Amino acid sequence: ERMAEFTTFSYSSGSEYLERLHKIQDDTRVFSLKELNSKLQRFENVKNEYKTLGLINSNDDSNWTVNRKFLDTKFLENQVDSIKLFVDDIEKKISFFLPLAEKISLFKKIIEANFSHKKFEICDVCGFHIRSTITHQKIELDNLSSGEQHWLVLFFDLIFKANKNFIVLIDEPEISLHLNWQERFLDDLKEIMAINKFKSIIATHSPTIIDGFWDNTIALKYEK
């Protein structure tokens with residue numbers, strides 16, 4: 001969906017360039033050469049991050065490449081309106097993928113923090129996979145432990161499927177989870193809730209899961 005929106009923007013921004021250039025002439029922003037270079041460096045950094053997250057084709061990033069060798073003060077003064085428009089387009093390109101990039105980065109962080117001797121890799125063609133940091137070999141998802149598979153599916157759903165204003169019910173998340181993972185579970189969940197803006201109710205028998213959050217618990221007792 002975001003890619004479709006990005007493609008539409010890229011097409012319209014080109015076809016409507018002269019009209020947009022005319023409208024922006026009333027814009028009073030002035031960029032110094034230092035400020036412009038700073039913005040372009042940030043754009044370069046974001047582009048490289050998007051490559052590692054599989055959001056940009058690493059073999060064809062021509063739409064994201066900026067040649068700065070022609071930039072000087074004279075060029076900046078003579079092309080101020082075009083540069084304003086160019087910077088606007090850069091910011092919009094970045095913004096299209098920011099929410100998704102934030103989610104992928106968090107998913108990668110959580111997986112690598114909990115999977116021993118494994119790293120998370122992703123590309124725009126083959127999706128994501130897990131690689132051993134010892135043998136450097138790709139690990140098929142079916143060959144992960146049952147706990148790792150459970151963790152992977154659970155956090156994938158929480159990060160990419162749980163939307164704003166959802167109330168997510170999680171029953172016994174400790175099943176198949178190592179004690180170290182149980183200790184991290186609520187901290188990881190809180191990070192996800194912070195970006196996806198949902199609430200969660202958890203049913204658990206594990207004091208390790210609850211550790212540090214006892215004030216948020218309600219004990220359920222069966223009485224005859």
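Here is a quick tour, from the overall fold to a cluster of rings and then a pocket.

This is a predicted model, where local features need pLDDT of at least 70 and side-chain atom pairs count only at pLDDT 80 or more, while totals for chains, interfaces and linings use all residues. Numbering starts from 1 along each chain as its sequence is written, and side-chain values use heavy atoms, with hydrogens and water left out.

**Overall fold**

You'll find eight helices and five strands, taken as DSSP runs (H or I, at least four residues, for helices; E, at least two, for strands) and numbered from the N terminus. Along the sequence they run α-α-α-α-α-β-β-β-α-β-α-β-α. Of the protein's 224 residues, 34% are buried; that means under 20% relative accessible area, with exposed over 50% and partly exposed in between (1.4 Å probe, protein chains only). Take the contacts between residues at least 6 apart in sequence: 70% of them join residues at least 24 apart, a contact being heavy atoms within 4.5 Å.

**The phenylalanine cluster**

The structure has 13 aromatic pairs. Rings of Phe, Tyr and Trp (its six-membered ring) pair if their centres lie within 6.5 Å; planes under 30 degrees apart are stacked, over 60 edge-to-face, and the rest tilted. Phe 107, Phe 120, Phe 128, Phe 156 and Phe 160 make up one aromatic cluster. Two of its pairs share Phe 107:

| Pair | Centre to centre | Angle between planes | Type |
|---|---|---|---|
| Phe 107 and Phe 120 | 5.3 Å | 85° | edge-to-face |
| Phe 107 and Phe 128 | 5.8 Å | 80° | edge-to-face |

Both link distant parts of the chain. Phe 107 sits in helix H5 (residues 80-114) and Phe 120 in strand E1 (residues 118-123), 13 residues apart. Phe 128 belongs to strand E2 (residues 127-132), 21 residues from Phe 107. As for burial, Phe 107 is buried at 1% relative accessible area and Phe 120 is buried at 3%, whereas Phe 128 is partly exposed at 26%.

**The largest pocket**

The largest pocket has a volume of about 650 Å³. On a 1 Å grid over the protein atoms alone, a pocket is an open set of points where a 1.4 Å probe fits, with protein on both sides within 12 Å along at least five of seven lines; lining residues have an atom within 4 Å of a point. Volume here is the space filled by probe spheres set on the points. Of the 20 lining residues, Ile 202, Ala 203, Thr 204, Asn 216 and Thr 217 are the closest to the pocket's centre. Helix H7 (179-196), strand E5 (199-203) and helix H8 (207-210) each give two or more residues to the lining.
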